[in-house]
Amino acid sequence: MRQPTAQRDGQRSAPRRLALRVALLLVVLLFGACGEDPPPGPAATVQTFLRLMDESSIRSGPSGEVLADEAALQEAFALLSHNTQTQLRERADLAASLAGGEYDAWNILIPGRFRLRFEPVTFDEVIQEERPRRATVSVRGRAPGEQADIPLVEEDGQWRIPLEIPPAAETTF
């Protein structure tokens with residue numbers, strides 16, 4: 001016995017509907033994958049920070065003035081924890097009040113102070129999953145004993161480096 005035409009058409013369109021749904025799902029997945037890259041992990045954050053601090057190194061200009069790469073310092077500053085950024089802003093305000101003029105917080109970063117004393121070879125990260133998430137990146141050089149453990153904290157979905165900023169010296173007048 002022959003099936004009615006409407007029933008046969010429904011059977012034919014079921015595979016078409018399934019194919020259409022699969023195609024739409026693939027399109028959604030492809031466009032979703034083309035979005036923003038995930039934020040860099042702890043090791044990549046440390047590598048970027050070290051590179052930026054090297055790029056910002058202080059050097060003498062043609063007239064003897066001190067030059068630093070402002071853009072590199074600003075990018076390095078953005079990789080620091082919120083607490084470290086706040087401390088550097090306070091230092092910049094203090095410097096401005098003592099010396100006059102204005103100081104940007106990233107100019108308080110001293111390139112030679114926040115760099116490794118050896119050439120990094122490997123970057124190994126360990127992430128602790130408690131909240132807030134923390135990580136430690138162990139940076140090793142070629143020679144025995146060339147190692148630095150750099151702590152990081154995840155803030156606003158980004159890995160950031162908390163630096164220890166020594167307290168400002170007391171000012172007396």
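Author: Read along the sequence, the pattern is α-α-β-β-α-α-β-β-β-β, made of four helices and six strands. Helices (H or I, at least four residues) and strands (E, at least two) are DSSP runs, numbered from the N terminus. This is a predicted model, in which local features need pLDDT of at least 70 and side-chain atom pairs count only at pLDDT 80 or more, while totals for chains, interfaces and linings use all residues. Residues are numbered from 1 along each chain as its sequence is written, and side-chain values use heavy atoms, with hydrogens and water left out.

Reader: What makes the pair of Phe77 and Trp106 edge-to-face?

Author: A search of the whole structure finds one aromatic pair. The ring centres of Phe77 and Trp106 are 6.1 Å apart and the planes stand at 65°, so the pair is edge-to-face. For rings of Phe, Tyr and Trp (its six-membered ring), centres must lie within 6.5 Å; planes under 30 degrees apart count as stacked, over 60 as edge-to-face and the rest as tilted.

Reader: Why is Phe77 called buried?

Author: Its relative accessibility is 7%, and buried means under 20% relative accessible area, with exposed over 50% and partly exposed in between (1.4 Å probe, protein chains only). Trp106, at 19%, counts as buried too.

Reader: How do you know that Glu155 and Arg160 meet in a salt bridge?

Author: Their side chains come to 3.9 Å, N to O. A salt bridge needs a side-chain nitrogen of Lys or Arg within 4 Å of a carboxyl oxygen of Asp or Glu, so this pair qualifies. Glu155 is buried at 16%, and Arg160 is buried at 13%.

Reader: Which residues is Glu155 in contact with, leaving aside its neighbours within four places in sequence?

Author: Those are Ser81, His82 and Arg160, where contact means heavy atoms within 4.5 Å. With His82, the backbone nitrogen lies 2.8 Å from a polar atom of the Glu155 side chain.

Reader: What do Asp124 and Arg140 tie together?

Author: Asp124 lies in strand β3 and Arg140 in strand β4 (residues 134–140), so their pair ties together parts that are 16 residues apart in sequence. Their salt bridge is 3.0 Å, N to O. Asp124 is partly exposed at 40%, and Arg140 is partly exposed at 33%.

Reader: How many salt bridges does the structure hold?

Author: There are five. Glu129, Arg133 and Glu154 are linked in a network of them.

Key. A polar contact is a pair of N or O atoms within 3.5 Å; within protein, one must be able to donate a hydrogen and the other to accept it, and residues adjacent in sequence count only if both atoms are side-chain atoms.
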